[in-house]
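I jotted down what I looked up, one topic at a time.

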Amino acid sequence: MTSDTSTRRHAKRRRTGLLAAAGALVVAGSVAVPLTAQATGAAPADTARQRDFAAAAEEYHVPEQVLLAVAYQESAWDGHAGKHSTTGGYGPMHLTDVTTEMVSGGGAGAVGRSDIASFVADPAQHTLQAAAKLTGLSAQELRSNPAANIRGGAALLASYQKATGGLPSGEPGDWYGAVARYSQASQEQGAKAFANRVFATLAKGAHRTTADGQRVTLAAMPQVKPATGQLAKLRLKAAATADTECPATVDCTFVPAASSNGQVSSRPGNGIRIDSIVIHDIEGSYESAIATF
């Protein structure tokens with residue numbers, strides 16, 4: 001075997017080795033990518049909704065963190081494809097537009113209740129219509145378009161900040177009163193509970209990918225100090241006091257149901273002993289449950 005022949009064979013082996021190595025990398029890559037996609041089960045999440053929150057916050061001079069925290073408490077940032085919740089709210093900001101059909105529908109509806117008309121007519125049940133006036137957007141846009149819905153929620157928060165005497169501020173803590181007002185609670189405890197949940201979310205942060213594939217993040221802000229004294233400016237009703245027994249470690253409020261709701265009784269005066277507590281899963285807010293019952 002000549003020296004030239006040996007050199008050519010060595011060069012051929014090197015080229016073959018390089019081609020084999022490159023082929024292995026290509027094969028490995030072609031296998032790894034599908035496996036990764038299969039493991040996640042979905043395409044990478046979009047961030048359009050995050051940008052919608054930023055744009056709406058800037059347009060209406062609401063701190064983006066506050067807008068995100070309110071929406072997280074209301075809907076976990078989901079759009080629900082234009083469908084209303086069990087309490088008549090639409091979109092990420094849960095803008096309400098309650099109708100008689102919503103209240104009366106279903107097996108647990110309120111058909112026959114004497115106060116349906118007054119309940120449905122309450123402006124607190126139609127924040128979507130208020131948002132439409134503030135933004136100039138149609139009710140249909142606010143129901144079905146998440147970006148429009150977020151703008152509507154930002155406009156409402158800004159109007160509540162103004163109504164409670166608050167000045168435009170970039171400090172999230174200065175928006176406690178407006179956030180409490182956003183709950184539409186008629187009782188102080190309901191408004192306070194909602195605002196406290198919002199600011200607790202703001203303090204610890206949150207992130208998730210919504211049902212429609214939107215990745216949204218709220219950075220933790222533990223340094224924020226909510227101006228809780230603003231709650232008094234809302235002039236809400238205090239919860240009724242009663243001699244109802246309550247465990248020392250639980251914050252109880254006695255709110256009697258309307259006499260038109262269900263059966264009227266006078267336990268234990270009627271001889272029926274109370275020996276159980278039933279804890280219900282309320283598909284909505286504290287205030288919506290109080291309003292319903």
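**Entry 1: Asp97**

I began with Asp97, which counts as buried because its relative accessibility is 8%; buried means under 20% relative accessible area, exposed over 50%, and partly exposed in between, with a 1.4 Å probe and protein chains only. Before going on, I noted that this is a predicted model, where local features need pLDDT of at least 70, side-chain atom pairs count only at pLDDT 80 or more, and totals for chains, interfaces and linings use all residues. Residues are numbered from 1 along each chain as its sequence is written, and side-chain values use heavy atoms, with hydrogens and water left out.

Asp97 lies in the loop between β2 (95–96) and α4 (100–104). Helices (H or I, at least four residues) and strands (E, at least two) are DSSP runs, numbered from the N terminus. I then asked which side chain makes a polar contact with the side chain of Asp97. I found Gln129, at 2.9 Å. A polar contact here is a pair of N or O atoms within 3.5 Å; within protein, one must be able to donate a hydrogen and the other to accept it, and residues adjacent in sequence count only if both atoms are side-chain atoms.

Setting aside neighbours within four places in sequence, I listed the contacts of Asp97 (heavy atoms within 4.5 Å); among them are Tyr90, Gln129 and Arg143. Two of those names came up again: the charged end of Arg143 sits over the ring of Tyr90, 5.6 Å from its centre. For that label, NZ of Lys or CZ of Arg must be within 6 Å of the ring centre and within 35 degrees of the ring normal.

**Entry 2: Ser75**

I looked up Ser75 next and found it in helix α3. With 11% relative accessibility, Ser75 counts as buried. Its side chain reaches the backbone oxygen of Pro92 at 2.6 Å. Not counting residues up to four places away in sequence, Ser75 touches His80, Gly91 and Pro92. The C-alpha atoms of Ser75 and Gly91 are separated by 7.4 Å, with the two residues 16 apart along the chain.

**Entry 3: Aromatic pairs**

How many aromatic pairs does a search of the whole structure find? I got 3. Rings of Phe, Tyr and Trp (its six-membered ring) pair if their centres lie within 6.5 Å; planes under 30 degrees apart count as stacked, over 60 as edge-to-face and the rest as tilted.

One of them is Tyr160 with Tyr182: the ring centres are 6.2 Å apart and the planes are at 70°, so I wrote down edge-to-face. Tyr160 belongs to helix α8 (residues 146–163) and Tyr182 to helix α9 (residues 176–182), so this pair ties together parts 22 residues apart in sequence. Both Tyr160 and Tyr182 are buried.

I also noted Tyr176 with Phe199, whose ring centres are 5.6 Å apart and whose planes are at 35°, so that pair is tilted. It links distant parts of the chain, Tyr176 in helix α9 and Phe199 in helix α10 (residues 188–204), 23 residues apart. Tyr176 counts as buried at 1% relative accessibility, and Phe199 does at 7%.

Back at Tyr160, I saw that Arg181 lies over the face of its ring, at 4.7 Å from the ring centre.

**Entry 4: Nonpolar cores**

A nonpolar core is a set of buried Ala, Val, Leu, Ile, Met, Phe, Trp, Tyr and Cys residues joined through side-chain atoms within 4.5 Å. The largest one has 48 residues, and those that touch the most other members include Phe53, Met93 and Tyr182. Elements giving two or more residues to this core include α2 (48–60), α3 (64–75) and β4. Helix α8 gives the most, with 7 residues.

I checked Met93 too: beyond four places in sequence, its contacts include Phe53, Leu67, Val70 and Tyr182. A second, separate core has 5 residues, among them Val98, Val103, Ile116 and Val120.

**Entry 5: The β3–β4 hairpin**

Strand β3 (residues 206–209) pairs with β4 in the antiparallel sense over 4 bridges; strands pair if DSSP finds at least two bridges between them. The two form a hairpin with 5 residues between them, and Gly213 in the turn has a positive phi of about 80°. Thr209 stands opposite Arg215 in β4.

Which residues make up the covered face of β4, and which the uncovered one? I found Val216 and Leu218 on the covered face, and Arg215 and Thr217 on the uncovered one. Val216 counts as buried, at 0% relative accessibility. Its C-alpha atom is separated by 8.8 Å from that of Leu68, 148 residues apart along the chain.
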